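Please look over the structure shown below before reading the numbered points that follow.

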Amino acid sequence: MSNVQITKSKIKPAVVASIEEGSIGEELGFEVGDQLISINGVKPRDLIDYKFLIAEENIQLIILDENGKTHIIDIEKDYDDELGLAFTEALFDGLKQCNNQCPFCFIDQQPPGKRKSLYLKDDDYRLSFLYGSYLTLTNLSEQDWLRIDEQRLTPLFVSVHATEPSLRSKLLRNPKAIDLLNQLDWFSEKRIQIHAQIVVCPEINDGKALERTINDLYSFAQGDFPVVLSAAIVPVGLTRFRPSNDGLIPVDSDCATKVINQVESMQRKFYKSKGSRFAWLSDEWYLIAKKALPSLNSYEDLPQKENGVGSIRSFLKAMDEATRNLPTKIDQKRTCSWVVGKLVENELQKPCKRLNKINNFVLHLYGIPSPYWGQEQIVTGLLTGQDLIKGLRGKELGDELLLPSVMLRQGEKILLDDMTLQELSLSLNVSIRIVHDAQDIVNKALGKA
């Protein structure tokens, strides 16, 4: 397990961000800011190495504290016992960035002058394994492929877009993109699984090309060991900052309807053959087409929920449950507001009506567009501070504004356009409360938490 071999690289120490209460790390006296230099003489490159290395029963750590003093710590523990340490970064040797030039890349569709982290083009297989982020497989070295196999980094999440080699190369603007089918054969040989993603660009990889891509992926979902576990089909997202000559067309209602009909037909065939729909459309397709979302059970075990496939339907169910047993009255009068992306506003009217039946309570739901990105119909997570100010100024916001946490950048108190929550609160002259899941929204709306 601990035969992790590290060659020359720019590995930085892992910096401790927090220590779990009652853990081995707390017992040993670890403190926030301590730097983990090595485990059994090996410098971990990332969280994956760290987890492999600490799994042993006997480990030796070299730690550098905030005063610059080095500590050597020998630990004897049960096999696979965690230390209870969390770190400031998942990667200790830097992010593996994308080498493609996809015209639909959202990172490239941002205005200049924002914080550097917004322009990092993640295409790192380790983050795909750890957190489910998508990678294209075009930047992997021979050592990377070897490590994926040796450490059994499965499943991975792969951006496919098209399986026809020349079309995929055109979409990614990278000659290395033609190798996808060979790479899927490699995954099959090594028994490593993936979840696939297809970003549909109208008149480029839709229609017959989309049908071929889904069928090719489905061919790798057969047998006693399916390599491709699921495929998510998402619409291309375009902003006003993209080049005018990129050749891309936004998805409209007619396009969304055609894609829905096409994919649902294939789902029925797959389900009849394999007992699974295999390929799923993200919720945006139905909202753009102004069609009802599929039932929650049609998403089966929600394999691509984090990619927007069934996430809204799942949230609506959670909101229904959270608003099922509401009080008839609250003691003190209270008014608050809840802001979401305009794309999902209509879907949330029903639970809001339930809440507004409570005596002494008023909840204003505001679904707003995004002038910042140049999108009328937008998901909540892409709203910026400027959008909120333009969309909410002059509206009745009440005692508090409920702001979904998905608008914040990686848990920080900063919105996508670098506006802070304090700046937003001052501009709108309202107190802001961050809300997370459905029950949290209901609790905070009613002033319970």
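1. Is Glu-203 buried or exposed? Glu-203 is exposed, with a relative accessible area of 68%; buried means under 20%, exposed over 50% and partly exposed in between, with a 1.4 Å probe and protein chains only. Glu-203 sits in the loop between β7 (194–200) and α7 (207–219), where helices (H or I, at least four residues) and strands (E, at least two) are DSSP runs numbered from the N terminus.

2. This is a predicted model, in which local features need pLDDT of at least 70 and side-chain atom pairs count only at pLDDT 80 or more, while totals for chains, interfaces and linings use all residues. Residues are numbered from 1 along each chain as its sequence is written, and side-chain values use heavy atoms, leaving out hydrogens and water.

3. Most residues other than glycine have a negative phi, and most peptide bonds are trans. Glu-203, not a glycine, has a positive phi of about 70 degrees. Asp-418 also has a positive phi, near 75 degrees; Asp-418 lies in the loop between β12 (400–404) and α13 (421–428) and is partly exposed, at 27% relative accessible area.

4. A cis peptide bond, with omega about 0 degrees, joins Thr-154 and Pro-155. Pro-155 belongs to the loop between α4 (142–150) and β6 (156–159).

5. With a disulfide defined as a pair of cysteine sulfur atoms within 2.5 Å, the count is zero. For Cys-255, the nearest cysteine sulfur, that of Cys-201, is 10.0 Å away. The sulfur of Cys-336 is 9.4 Å from the closest cysteine sulfur, in Cys-352, too far for a bond. Cys-255 is buried, at 12% relative accessible area, and Cys-336 is buried at 0%.
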